[in-house]
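Please read the following report alongside the sequence and the three-dimensional model. It takes up the overall fold, then individual helices, then the pockets.

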Amino acid sequence: MRSNSSRSKPIPSKRTVRDVSLAAMLLAVLFVQEQLLAFDINVQLTVLLIAVYAAVLPPALLFPVICGYVVLDNLFMGSFNLLYTPAMFAAWLLLAVVMRAVRARPLGVKVAIATAFGFVYGWFFAVPFALLYGFDRLWPYLVADFFPAEVTMAAVGFLTILLLYDPLRKLLDTLYRGVRES
């Protein structure tokens, strides 16, 4: 006879309507800020927001928010492409995983990662660009568009994480955890 302890019982979900609602609102903020700052695609708060979300949200809420952001961005921009969309998924999910892993580390570590990500993000798109347009066009693309965009994104990541990460994390901690504990 089998004991009850050997049976596989489903783990009850601890996600509440409040959790899902907060995740939806954070997704909206992530998407809308990018549209409002669309004058330059590399000047945005996306790196900052994903870093803050990764520090506070559990993976069960964090990863759907990021995937939803990529889908919404591609829908809105009309840019679903089999080469570029997977690169976006991979890049933003990588940032979330890394920032989640270093969430307890000093601010300097997060600033360094955000700065480096400005360069890393672009490389996720260099290979699809070369496959789509040819490797002979890669170098002119890198010099004319890619490197200036990377430098801009790295500078924005550096400044926003340095100046806004701690206050936004405290705010999101209050919104997400503060109400939960009361």
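This is a predicted model: local features need pLDDT of at least 70, side-chain atom pairs count only at pLDDT 80 or more; totals for chains, interfaces and linings use all residues.

Residues are numbered from 1 along each chain as its sequence is written, and side-chain values use heavy atoms, with hydrogens and water left out.

**Overall fold**

The secondary structure consists of six helices and zero strands, where helices (H or I, at least four residues) and strands (E, at least two) are DSSP runs numbered from the N terminus. The C-alpha trace spans about 70 × 45 × 30 Å along its principal axes. Of the 182 residues, 41% count as buried, buried meaning under 20% relative accessible area, exposed over 50% and partly exposed in between, with a 1.4 Å probe and protein chains only. Among contacts (heavy atoms within 4.5 Å) between residues at least 6 apart in sequence, 74% join residues at least 24 apart.

Helix α1 has 20 residues and reaches 28 Å from its first C-alpha to its last, close to the 28 Å expected at 1.5 Å a residue; the expected span is 1.5 Å times one less than the number of residues. Its buried residues include Leu22, Ala23, Leu26, Leu27 and Leu30, together with Asp19 and Glu34. Ala28, which also belongs to α1, is partly exposed, with a relative accessible area of 39%. The C-alpha atoms of Ala28 and Leu95 are separated by 19 Å, although the two residues lie 67 apart along the chain.

The 27 residues of α5 should span 39 Å at 1.5 Å a residue, and the end C-alpha atoms are 39 Å apart, which agrees. After α5 comes Gly134, whose phi is positive, near 100°.

In α6 lies Phe147, a partly exposed residue with a relative accessible area of 30%. Leaving aside neighbours within four places in sequence, Phe147 is in contact with Trp123, Trp139 and Leu142. Phe147 and Leu164 are 17 residues apart in sequence and 25 Å apart in space, C-alpha to C-alpha.

**Pockets**

On a 1 Å grid over the protein atoms alone, using a 1.4 Å probe, a pocket is an open set of points with protein on both sides within 12 Å along at least five of seven lines, and lining residues have an atom within 4 Å of a point. Grid points are joined across faces, edges and corners, and a volume is the space filled by probe spheres set on the points. In the classes below, Ala, Val, Leu, Ile, Met, Phe, Trp, Tyr, Cys and Pro count as nonpolar, Asp, Glu, Lys and Arg as charged, and the others, Gly among them, as polar.

| Pocket | Volume | Lining by class |
|---|---|---|
| Largest pocket | About 750 Å³ | 17 nonpolar, seven polar and five charged residues |
| Second largest pocket | About 190 Å³ | 11 nonpolar, one polar and no charged residues |

The largest pocket is lined by 29 residues, of which Ile41, Asn42, Met88, Tyr121 and Phe125 lie nearest its centre. At least two lining residues of the largest pocket come from each of α1, α3, α4, α5 and α6.

The lining of the second largest pocket includes Leu26, Val29, Gln33, Tyr53 and Leu168, and the elements that give two or more residues to this lining are α1, α2 and α6.
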